[in-house]
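I opened the notebook to record what I looked up, one entry at a time. The entries follow the order in which I went through the model.

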Amino acid sequence: MAILEVKDVGKRFGGLQALGDVNLSVAENTCHAIIGPNGAGKSTLLNCLIGKLIPDTGSVMFDGKSVLGRKPHEINQMGISRVFQTPEIFGDLTVLENMMIPIFAERDGAFALNPLKMADKQADVIERAEAMLEDMNMADKRHMHAAAMSRGDKRRLEIGMCLSQQPRLLLLDEPTAGMARADTNNTIDLLKQIKDERDITIAIIEHDMHVVFSLADRITVLAQGTPLVEDTPDKIKGHPKVREAYLGESA
Amino acid sequence: MFGLNSKDTRLLLIVAALCLFAPFLLNPFPEGSELAQFNAGYPDLMQRFVIFGIFAIGFNILFGLTGYLSFGHAAFLGVGSYSAVWMFKLLGYNVLPGIVLSVIVAGLFSLLIGFISLRRSGIYFSILTLAFAQMSFAMAYSVLTPITNGETGLQVYTDDPQFLMGANSPNVPHLFGLQMNATYKMELGAWLFQFNAGYYLCAIIMLVMFYLAVRIFRSPFGIMLRAVKTNQNRMNFTGLNSRPYTLAAFVISGMYAGLAGGLMASMDPLAGAERMQWTASGEVVLMTILGGAGTLIGPVLGAGFIKYFENIFSKINDSVLHGWFAFLPDGLEDFVVAILHPFVGKGWHLTLGILFMLVVIFLPGGLIEGGQRVARLFRRKKQTPDGKDPEHHPKPAPHVAE
């Protein structure tokens with residue numbers, strides 16, 4: 001069953017047709033990758049999914065409900081979490097506090113006025129945050145300032161924060177961009193583990209073919225704002241249209 | 001104690017002790033001595049220390065935690081003052097209704113201004129709040145004269161209704177009969193210590209407000225406010241709506257400002273429009289940054305520091321300087337006085353400005369950071385002989401790849 005349905009989505013920036021009639025359906029509990037050369041409209045598509053941009057035409061349905069016109073925090077509360085190209089974490093806060101925030105958001109909703117409760121007495125939240133840090137293998141860093149960590153650790157924390165909300169759909173925007181090989185491999189292992197152990201749907205946008213082919217169940221190739229082909233990784237590898245899009249007409 | 005951890009409890013007790021013993025601490029020099037003019041332990045100034053302390057604590061909840069720099073907080077202070085004086089005019093000189101109303105009115109006013117201004121962030125937010133405050137100031141001066149009494153300032157007249165005034169109620173601000181200007185003077189040898197009822201009322205309220213601020217800092221709500229400052233993007237994509245958080249912080253700090261305004265009017269039942277001017281808004285920004293934005297005690301220190309300069313340094317005039325340097329030969333004496341002249345008296349702003357620049361450049365964390373550095377210096381000196389310095393140990397071997 002499709003958890004995310006994108007139908008005829010188009011987006012135009014002035015004279016540039018960034019997206020034209022994109023149709024995409026992501027099945028539940030699979031990992032769906034969206035690849036394409038620079039300027040293919042991958043990030044525009046992602047921004048349309050999470051409420052940062054509103055497409056000119058078409059519809060985006062998550063679990064049978066439209067996400068269009070909703071604010072980012074509302075879309076997140078529906079069960080969509082997003083990992084950014086550069087890790088977006090709370091740099092001034094400690095790692096533990098970072099991990100507590102999404103759990104507070106899940107427990108208390110989008111806004112809670114509780115200025116007289118003590119944060120260090122919220123045992124249920126702290127317990128869950130500690131457990132998630134344990135899962136992410138970063139329990140020893142819990143009192144560190146998040147900004148002081150390496151990029152790989154920041155990414156790990158960000159993914160952990162997203163997972164602690166128990167989202168149904170995890171969107172990843174080039175999760176290994178700008179990472180060293182070792183960090184990339186760690187991230188791939190982490191994502192594989194998440195995919196195997198949890199009931200979660202993953203949609204991933206990626207440049208790095210190594211990452212895509214080690215994770216994806218299905219791949220959509222985007223070129224010039226429209227989907228070129230959608231198939232399993234094995235079929236995509238040798239597809240003539242994909243080679244054409246990536247390498248130019250002559251290939 | 002009070003649900004705080006030991007570190008915060010200690011801080012609270014230190015502040016309580018400082019407030020309680022302020023009349024002694026601020027009057028270290030005997031009366032009539034050369035240095036007596038550096039004494040700050042008189043009621044008027046001590047009241048101002050704690051009132052502006054409240055103002056700065058509240059401002060710090062907004063600026064220190066969320067990073068939203070409001071340039072219009074004096075408007076809430078002014079609104080608080082006007083509300084309190086109106087209560088004196090209508091009900092009588094008991095300060096309680098005035099203080100309560102000043103908090104409520106400032107809260108409502110900040111809700112309105114915050115709701116509009118918080119649609120923008122950064123410099124645009126600052127400009128919007130500044131515009132609102134200047135607008136309030138100009139209106140209080142002109143078209144709102146029926147409410148604010150314009151340039152004269154709002155004050156209590158003998159023909160005001162004062163419905164709750166009994167036959168023998170005191171004719172000055174009081175709390176259930178305890179007059180705010182009542183001062184007990186204690187002479188100890190050459191020293192004179194003054195214990196003022198109004199000061200202690202303000203000090204108790206400041207302690208409660210300080211305790212409240214500590215609770216806010218340590219609450220889940222406080223973590224969210226710091227999250228707003230750090231990364232609003234991540235906050236929104238974590239399912240949190242940052243707007244109500246910033247608005248709540250804005251209203252809370254507006255209510256603190258209103259309370260400070262109400263207390264100011266309670267100490268001296270008079271409210272003028274100049275209390276809302278942008279210089280007054282800028283002053284609280286200076287206090288917070290000078291003391292250390294985002295720290296608990298910093299803004300209180302900053303408030304005390306600036307008020308001390310304003311009231312003590314400004315009193316040093318040329319004749320005082322001549323008195324100090326009388327031991328020098330005449331020509332040299334005139335020269336030294338001429339050099340120091342721009343820094344004291346009416347030139348106290350210059351000294352304060354230079355100090356502010358030095359603090360911002362060398363101690364970006366404010367006076368608190370200065371204190372921490374000094375403390376660290378002492379700790380290091382003590383620990384080095386043992387070879388157990390926690391900050392200088394061999395670095396753990398970095399792991400390259402796994």
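**Entry 1: where the chains meet**

I began with the contact between the two chains, and I counted 29 residues of chain B in contact with 40 residues of chain A. I note that this is a predicted model.

Next I looked up the buried area. Between chain B and chain A it comes to about 3,000 Å², and carbon and sulfur atoms give 64% of that. I then asked which three residues supply more than any other three of the area that chain B buries against chain A. They are Pro220(B), Arg234(B) and Phe237(B), which supply 24% of it.

**Entry 2: charged and polar pairs across the interface**

How many salt bridges does the rule find across the interface of chain B and chain A? I found 2. I looked up a salt bridge in which the side chain of Glu97(A) meets that of Arg226(B), at 2.7 Å from N to O.

I then checked which helices make up the side of chain B that touches chain A. Helices H8 (197–218), H9 (220–230), H10 (232–236) and H11 (242–267) of chain B each supply at least two residues of it. The largest share, 7 residues, comes from H9(B). By class, I listed 15 nonpolar, 9 polar and 5 charged residues on this side of chain B.

**Entry 3: two helices of chain B**

I turned to H8(B) and H11(B), which pack at an angle of about 175° with their axes 11 Å apart. An angle over 145 degrees counts as roughly antiparallel, so H8(B) is roughly antiparallel to H11(B).

I looked up which residues meet. On the H8(B) side they include Leu201(B), Ile205(B), Met209(B) and Leu212(B), and on the H11(B) side Ile252(B), Tyr256(B) and Leu259(B) are among them. The contact of H8(B) with H11(B) has 12 nonpolar residues, 1 polar residue and no charged residues.

**Entry 4: salt bridges over all chains**

I picked out a pair in chain A: the side chains of Asp153(A) and Lys141(A) meet in a salt bridge at 3.4 Å, N to O.

Why does this pair tie together parts that are 12 residues apart in sequence? I found Asp153(A) in helix H5 (residues 151–163) of chain A, while Lys141(A) lies in the loop between helix H4 (123–135) and H5 of chain A, so the pair links those two parts.

Notes
Residues numbered from 1 in each chain as written. Chains lettered and ligands numbered in written order. Predicted model: local features only at pLDDT ≥ 70, side-chain atom pairs only at ≥ 80, totals over all residues. Heavy atoms only, no water. Contact = heavy atoms within 4.5 Å. Buried area = accessible area lost by both parts, 1.4 Å probe. Salt bridge = Lys/Arg side-chain N within 4 Å of Asp/Glu carboxyl O. Helix = DSSP H or I, 4+ residues; strand = E, 2+ residues; numbered from the N terminus. Nonpolar A, V, L, I, M, F, W, Y, C, P; charged D, E, K, R; others polar. Axes fitted to C-alpha atoms, helices over the stretch in contact; angles between N-to-C directions. Parallel < 35°, antiparallel > 145°, perpendicular 65-115°, else oblique.
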